[in-house]
Amino acid sequence: LNRQHDLTDLMDMDILDSVDYAHERAEDDSHYIFISHFKLEAGTEATLMEQDLSRLIREDPGHSGYDLPVPVFLDSENLTDLASLRDHVRKSANLIVLLTPGILSRPWCLVELVTAVN
């Protein structure tokens with residue numbers, strides 16, 4: 001499995017550049033992508049995705065998330081206050097959910113999903 005190729009495919013499919021997000025939201029604390037995951041089952045994968053997606057966005061000056069201080073939000077890397085979790089979801093243009101067997105049994109993952117839908 002070639003991670004670089006797989007993530008580049010996502011960029012080519014316009015999944016990650018579906019809206020002109022940076023121009024719609026000039027807030028410094030907004031994000032282009034929020035990664036929702038169950039840490040025990042997908043913590044490593046989430047971290048690798050965050051690193052690679054952030055790098056791809058930062059390498060493309062034309063990308064909508066290029067100017068965002070934290071274009072890809074991952075709680076284990078970026079969350080400093082659990083009370084602000086829902087705000088981070090609301091301020092994200094896209095939600096990536098790593099669907100592992102136990103994700104729907106985790107209360108905070110459910111909070112993230114419900115917040116994104118609302």
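**A core built around strand 1 and helix 3**

In this predicted model, the largest nonpolar core has 13 residues, and those that touch the most other members are Ile33, Ile35, Met49, Leu53, Val72, Ile96 and Leu98. Two elements, strand 1 (31-36) and helix 3, each give two or more residues to this core, and helix 3 gives the most, with five residues. In soluble globular proteins, nonpolar side chains tend to be buried together.

Ile96 shows how these parts of the chain meet: once its neighbours within four places in sequence are left aside, Ile96 is in contact with Ile33, Phe34, Ile35 and Ser36, and also with Met49 and Leu53.

Phe34 lies in strand 1 and Phe73 in strand 2 (residues 72-73), so that the pair, under the strand assignment used here, links distant parts of the chain, 39 residues apart. Both phenylalanines, Phe34 and Phe73, are buried.

Seen as a whole, the protein chain comes to six helices and three strands, which run α-α-β-α-β-α-α-β-α from the N terminus on. Among contacts with a separation of 6 or more, 72% are accounted for by residues 24 or more positions apart. Of the 118 residues in the chain, 39% count as buried, while the accessible surface comes to about 6900 Å², of which 53% belongs to carbon and sulfur atoms.

The mean pLDDT of the protein chain is 83, and 77% of its residues reach 70 or more; confidence is highest in helix 3, at 97, and lowest in helix 2 (residues 21-24), at a mean of 44. Over residues 15-26 pLDDT stays under 50, although the model has 31 contacts beyond four places in sequence for this stretch. Where pLDDT is low, the predicted coordinates should not be read in detail.

Notes: Residues are numbered from 1 along each chain as its sequence is written. This is a predicted model: local features need pLDDT of at least 70, side-chain atom pairs count only at pLDDT 80 or more; totals for chains, interfaces and linings use all residues. Side-chain values use heavy atoms; hydrogens and water are left out. A nonpolar core is a set of buried Ala, Val, Leu, Ile, Met, Phe, Trp, Tyr and Cys residues joined through side-chain atoms within 4.5 Å. Buried means under 20% relative accessible area, exposed over 50%, partly exposed in between (1.4 Å probe, protein chains only). Helices (H or I, at least four residues) and strands (E, at least two) are DSSP runs, numbered from the N terminus. Contact means heavy atoms within 4.5 Å. Accessible areas come from the Shrake-Rupley method with a 1.4 Å probe; for residues, only the protein chains shown count as cover. pLDDT is the predictor's confidence in each residue, from 0 to 100.
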